[in-house]
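Please keep the sequence and the model at hand while reading.

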Amino acid sequence: MTGASELRADRDGACLLLTLNRPGKLNALTTSLITSLTAEIRRAGDDPDIRAILLTGAGRAFCAGQDLGRRNPDGPDWPPDLRRSVEDFYAPLVKSILHCPKPIVCAVNGVASGAGANLALACDIVLAAETARFIQSFARVGLIPDAAGTWVLPRLVGLARARAICLTGRPVGAREAEGWGMIWKCVPDDRLSTEAQALATSLATGPTFALGLTKEALLASSEAKLDDQIAFEAEAQARSGATSDYAEGVRAFLAKRAPVFKGR
């Protein structure tokens with residue numbers, strides 16, 4: 001655990017719980033928080049003892065997006081270097097999530113706005129409390145969606161809906177988000193933590209190597225031609241088939257018992 005920092009990191013067996021920890025600021029993102037989160041996800045990806053990650057926020061919000069309280073339009077340093085903000089901070093964060101070889105579950109416990117919404121939507125499986133809302137709030141401050149929002153959203157909800165929610169900034173409630181396919185599941189507020197933890201714990205007992213390759217295959221599919229995707233599958237399947245987890249899976253199937261995967 002990282003103590004009273006902006007990011008809490010707690011281990012529960014093979015599962016790593018990451019908690020955005022600025023509740024007084026609705027977990028708004030700072031460069032130090034983004035850097036810490038990126039580093040924790042990368043470390044978890046390299047740690048063979050961590051087999052799943054659960055991301056959530058402390059307090060009554062998941063994440064309110066970029067902390068604008070630190071920006072002063074009338075100050076001597078205006079305008080801020082937003083190119084650097086995207087290239088040096090948000091891009092590495094989103095890529096660390098998308099390419100992490102471990103499954104990442106996100107529990108959205110309240111508002112997820114701006115970059116906070118796109119941070120959540122980049123995760124592999126998103127559960128949201130019934131009172132949670134997703135807001136592409138960028139247009140409200142004269143910006144375009146970043147943190148890969150213009151890439152992720154159309155792939156989740158289609159271009160028509162992505163255009164509407166980005167151009168208007170209209171909040172999308174958790175139940176609506178589930179119906180659109182923006183997230184996997186909307187759950188009652190009082191069950192969010194329990195269900196998200198159970199899901200992450202279950203994934204942490206899975207065939208970790210194969211799950212990581214599954215993430216990469218699905219990510220590649222959005223741009224790949226059919227023949228290229230089949231070739232990717234063939235290579236990835238060969239690698240998965242050489243693991244001890246595959247041997248265990250077949251033994252368990254033949255013995256009609258639950259497999260005990262080691263994540264190797």
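## Basis of the report

The structure described here is a predicted model. Every value given below should be read with that in mind.

Six strands form an open sheet in the order 1-2-3-5-7-10, and their pairing is mixed. Its edges are strand 1 and strand 10 (185-187), each of which pairs on one side only. On average, and with direction ignored, neighbouring strands of this sheet are turned by 20° against each other.

Helix 7 (residues 192-203) packs on the sheet and touches strand 1, strand 2, strand 3, strand 5 (104-108), strand 7 and strand 10. The direction of helix 7 makes about 165° with that of strand 7.

Strands of a sheet pair through backbone hydrogen bonds, and the pairing is either parallel or antiparallel. Strand 1 (residues 7-12) pairs with strand 2 in the antiparallel sense over six bridges. Within this pairing, Arg11 has Leu16 of strand 2 as its bridge partner. The two strands form a hairpin with two residues between them, and Gly13 in the turn has a positive phi of about 65°.

With strand 3 (residues 52-57), strand 2 pairs in the parallel sense, again over six bridges. Here the bridge partner of Thr19 is Thr56 in strand 3. Together with helix 1 (residues 31-46), strand 2 and strand 3 make a right-handed β-α-β unit. Strand 2 (residues 15-20) is largely enclosed by the rest of the structure, because five of its six residues are buried.

## Strands 7 and 10

Strand 7 (residues 125-129) and strand 10 pair in the parallel sense over three bridges.

Ile135 lies in strand 8 (residues 133-135). Its relative accessibility is 6%, and buried means under 20%, so Ile135 counts as buried.

Which residues is Ile135 in contact with, leaving aside its neighbours within four places in sequence? They are Val111, Ala112, Ser113, Gly114, Ala117, Arg140, Gly169 and Pro171. For one of these, Gly114, the separation is also given: its C-alpha atom is 6.1 Å from that of Ile135, although the two residues are 21 residues apart along the chain.

Methods: Residues are numbered from 1 along each chain as its sequence is written. This is a predicted model: local features need pLDDT of at least 70, side-chain atom pairs count only at pLDDT 80 or more; totals for chains, interfaces and linings use all residues. Side-chain values use heavy atoms; hydrogens and water are left out. Buried means under 20% relative accessible area, exposed over 50%, partly exposed in between (1.4 Å probe, protein chains only). Helices (H or I, at least four residues) and strands (E, at least two) are DSSP runs, numbered from the N terminus. Two strands pair if DSSP finds at least two bridges between them. A crossover is right-handed if, with the strands pointing away from the viewer, the path from the first strand over the helix to the second runs clockwise. Axes are lines fitted to C-alpha atoms, for helices over the stretch in contact, and angles run from 0 to 180 degrees between N-to-C directions. Contact means heavy atoms within 4.5 Å.
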